[in-house]
Amino acid sequence: MTKVSKKDVGATVHKNGVTFRVWAPFAGSVAVIGSFNNWSEMPMNAEGDGYWTVDIPGACAGQEYKYVIINGEQKLFKNDPRALELTTNAGNSVIVDTHFDWTDNDFKAPPISQQALYELHVGTFHRIDPATPGTFQEVKEKLDYLVDLGINMIELMPISSMAYDRGWGYTPDYIYAIESLYGGRGAFLELVNAAHSKGIGVIVDMVYNHFGPEGMDLWQFDGWGQDGKGGIYFYNDWRSSTPWGETRPDYGRAEVRQYIIDNVKMWLHHSHVDGLRIDSTAYIRNVYGHNDDPNNDLPDGWSILQHTTSVARKINLGAVLIAEDIGWNQYITKPESDGGAGFSAQWEINLPRIIRSVLGTVDDRDRHFADLCAVLDHRYNGDAWQRVVYSDSHDSAANGGTRLDEVIAPGAATGLYARKRSLLAAALILTMPGIPMLLQGQEFMQSGGFNDWQALDWENVERYPGILEAHKHLIALRKNQHNNTAGLMGQSLNILHQNEDGKVLGYHRWDKGGSGDDTVVVINFANTKYEEYIMDFPRDGKWQSRFNSSWKGYSPDFTEVDISQVDVSSSKGALRLAPYSVVILSQDQ
């Protein structure tokens with residue numbers, strides 16, 4: 001593999017003007033046009049390695065430009081693959097001054113064991129005008145809400161320029177340019193700076209498994225493409241095939257690798273983000289997204305994943321690097337020194353399906369715990385913090401599916417059963433080992449499926465304030481804010497009680513153990529009230545209730561039972577359990 005590292009690719013602003021540099025190895029000639037020269041063609045100089053450059057005195061930030069590429073009879077007008085700003089994805093590239101007045105130099109993301117993630121889609125999270133997508137500014141206006149909820153990390157669905165006016169963000173056409181409909185680069189940096197000022201870290205979802213749809217500007221960028229394939233940025237053989245088109249980047253081409261790695265640097269260094277979630281890593285390391293045939297593996301894809309995590313940690317040793325993979329692949333989160341890809345954690349991708357199988361059935365007799373118990377204490381490489389746990393995500397709540405509350409009670413997603421059992425899911429996520437993540441709106445009973453146009457119904461905050469309050473209480477316990485549930489930040493879990501017939505599950509969480517640490521979670525998955533339910537506890541003594549989901553403060557129509565304290569003798573304790581309820585207990589220090 002040829003090693004190249006070209007500096008100042010793109011439009012680089014300096015005190016006397018702007019230097020332009022673009023990679024177009026099959027071009028016969030390249031020129032730049034823009035508002036700085038009345039859109040007349042300024043020839044660029046070939047550097048002999050596929051790159052072309054020119055310096056234009058007097059050009060400045062805010063001016064628009066494009067490249068004119070000649071290849072034989074073809075004359076192509078292309079946006080800059082390194083553009084940091086676009087007027088629109090179908091418009092022009094914009095020169096950007098990268099200076100920003102940061103005030104967050106003392107910010108550090110919370111330790112991974114204390115993180116509470118919130119998956120957020122900028123276009124639908126907080127949309128004041130129903131006719132237009134939401135913006136970074138509108139997200140910024142809700143930061144105090146997220147702080148009050150207890151969130152300390154937001155995971156933004158992709159915000160790079162996308163091929164469609166509205167979308168999830170998973171069809172990026174320019175990975176350096178931040179979506180103009182969301183407010184563009186400046187507004188995004190303002191959001192990151194503001195989030196840091198309030199103690200919230202920012203993770204950005206990135207798509208490197210494919211670029212755009214076919215036909216985007218990167219497609220046959222300099223006029224060359226083999227057998228109708230995508231040209232210099234893409235594989236031009238069978239390896240190009242993805243579920244999203246023939247658009248897999250050529251991870252073995254040095255210039256494409258630099259294009260990706262420099263993008264990682266842009267996010268973590270220049271944009272101050274605290275981590276990246278890499279979408280569908282399975283399709284980066286394997287042509288078909290699985291390992292049934294090693295001949296389909298992409299060694300260059302695996303090495304770009306390793307390179308990504310290595311570079312990210314050189315910039316920010318504590319960067320949170322999350323992979324979305326398929327199956328239980330231990331090597332995704334193994335260190336590179338052990339042959340792994342070096343990610344911090346990966347999505348526990350089967351968990352939403354398992355939770356739905358337990359909570360989504362109509363008849364209590366059909367609720368079974370085997371798969372749930374298996375996944376409760378699953379870990380990668382023996383480390384609980386190497387996985388992100390969640391009951392809903394943009395994937396599980398879409399693609400023909402719906403949010404969990406709608407699965408529980410179709411057509412009655414905010415009804416009594418949906419509210420009760422949704423809290424069971426929240427309690428599971430926030431008490432099992434792993435990094436917990438909420439999908440935007442689940443804390444106030446957002447219903448239906450996830451899509452790129454339906455804004456969150458913020459009136460639900462007023463309709464279901466108790467459900468929101470329950471999530472606040474659960475997150476506070478998960479982060480041990482009251483110094484009596486330290487076990488929820490620990491690595492250890494033991495299933496104390498598994499009653500398939502009565503549909504009651506109990507488990508013990510601990511870090512170092514002892515009072516204020518050992519925590520017991522008891523979940524009643526049945527529509528049955530128990531006046532005296534006897535089960536094992538880790539030790540004798542008085543166990544205080546820290547959370548009781550049946551409390552009428554969470555919803556006035558809940559069937560509340562009093563369970564302020566449980567006296568345990570000979571390792572046995574008797575609890576009162578409300579129908580479809582969860583109780584969390586620990587001992588005072």
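Glu 255 has its place in helix H5, which spans residues 254-270. Helices here (H or I, at least four residues) and strands (E, at least two) are DSSP runs, numbered from the N terminus. Glu 255 is buried, with a relative accessible area of 15%; buried means under 20% relative accessible area, exposed over 50%, and partly exposed in between, using a 1.4 Å probe and protein chains only. This is a predicted model, in which local features need pLDDT of at least 70 and side-chain atom pairs count only at pLDDT 80 or more, while totals for chains, interfaces and linings use all residues. Residues are numbered from 1 along each chain as its sequence is written, and side-chain values use heavy atoms, with hydrogens and water left out.

**The chain as a whole**

- The secondary structure of the chain comprises 13 helices and 27 strands.
- The radius of gyration is 26 Å, close to the 25 Å that the globule rule gives for 589 residues, so the chain is as compact as a globular protein of that length. This radius is taken over C-alpha atoms, and the globule rule is 2.2 Å times the number of residues to the power 0.38.
- Along the principal axes, the C-alpha atoms fill a box of roughly 85 × 50 × 45 Å.
- Of the 589 residues, 62% count as buried.
- Among contacts with a separation of 6 or more, 70% are between residues 24 or more positions apart. Contact means heavy atoms within 4.5 Å.

**Helices H5 and H7**

- The axes of H5 and H7 are 10 Å apart, and the two helices pack at an angle of about 30 degrees. Axes are lines fitted to C-alpha atoms, for helices over the stretch in contact, and angles run from 0 to 180 degrees between N-to-C directions.
- H5 and H7 are therefore roughly parallel to each other. Angles under 35 degrees count as roughly parallel, over 145 as roughly antiparallel, 65 to 115 as roughly perpendicular, and the rest as oblique.
- H5 passes H7 in a right-handed crossing. A crossing is left-handed if the near helix is turned anticlockwise from the far one by less than a right angle, and right-handed if clockwise.
- H5 contributes Arg 257, Ile 260, Ile 261, Val 264, Lys 265, Leu 268 and His 269 to the contact, and H7 contributes residues including Asp 300, Ser 303, Ile 304 and His 307.
- By class, this contact of H5 with H7 has eight nonpolar, four polar and three charged residues. Ala, Val, Leu, Ile, Met, Phe, Trp, Tyr, Cys and Pro count as nonpolar, Asp, Glu, Lys and Arg as charged, and the others, Gly among them, as polar.
- Thr 309 lies in H7 (residues 299-315) and is buried, with a relative accessible area of 3%.
- Beyond its neighbours within four places in sequence, Thr 309 is in contact with Leu 321, Ala 341, Gly 342 and Phe 343.

**Helix H11 and its partners**

- The axes of H11 (residues 416-431) and H13 (residues 465-478) come within 10 Å and cross at roughly 15 degrees.
- H11 and H13 are therefore roughly parallel to each other, and their crossing is right-handed.
- On the H11 side, the contact with H13 is made by Arg 419, Leu 423, Ala 426, Ala 427 and Leu 430. The contact has eight nonpolar, one polar and two charged residues.
- H8 (residues 351-359) packs against H11 at an angle of about 140 degrees, with the axes 11 Å apart. That makes H8 oblique to H11.
- The crossing of H8 and H11 is right-handed. Leu 351, Ile 355 and Leu 359 of H8 meet Arg 421, Leu 424, Ala 425 and Ile 429 of H11.
- The residues of this contact of H8 with H11 divide into six nonpolar, no polar and one charged.

**Positive phi values in loops**

- Most residues other than glycine have a negative phi.
- Phi of Trp 39 is near 60 degrees, a positive value. Trp 39 is found in the loop between strand S3 (29-34) and strand S4 (42-43), and is partly exposed, with a relative accessible area of 36%.
- Phi of Met 445 is near 65 degrees, also a positive value. Met 445 is in the loop between strand S19 (435-439) and helix H12 (460-463), and is buried, with a relative accessible area of 1%.

**Gln 544 in strand S24**

- Gln 544 is found in strand S24 (residues 541-548) and is buried, with a relative accessible area of 16%.
- The C-alpha atoms of Gln 544 and Leu 585 are separated by 5.3 Å, although the residues are 41 apart along the chain.
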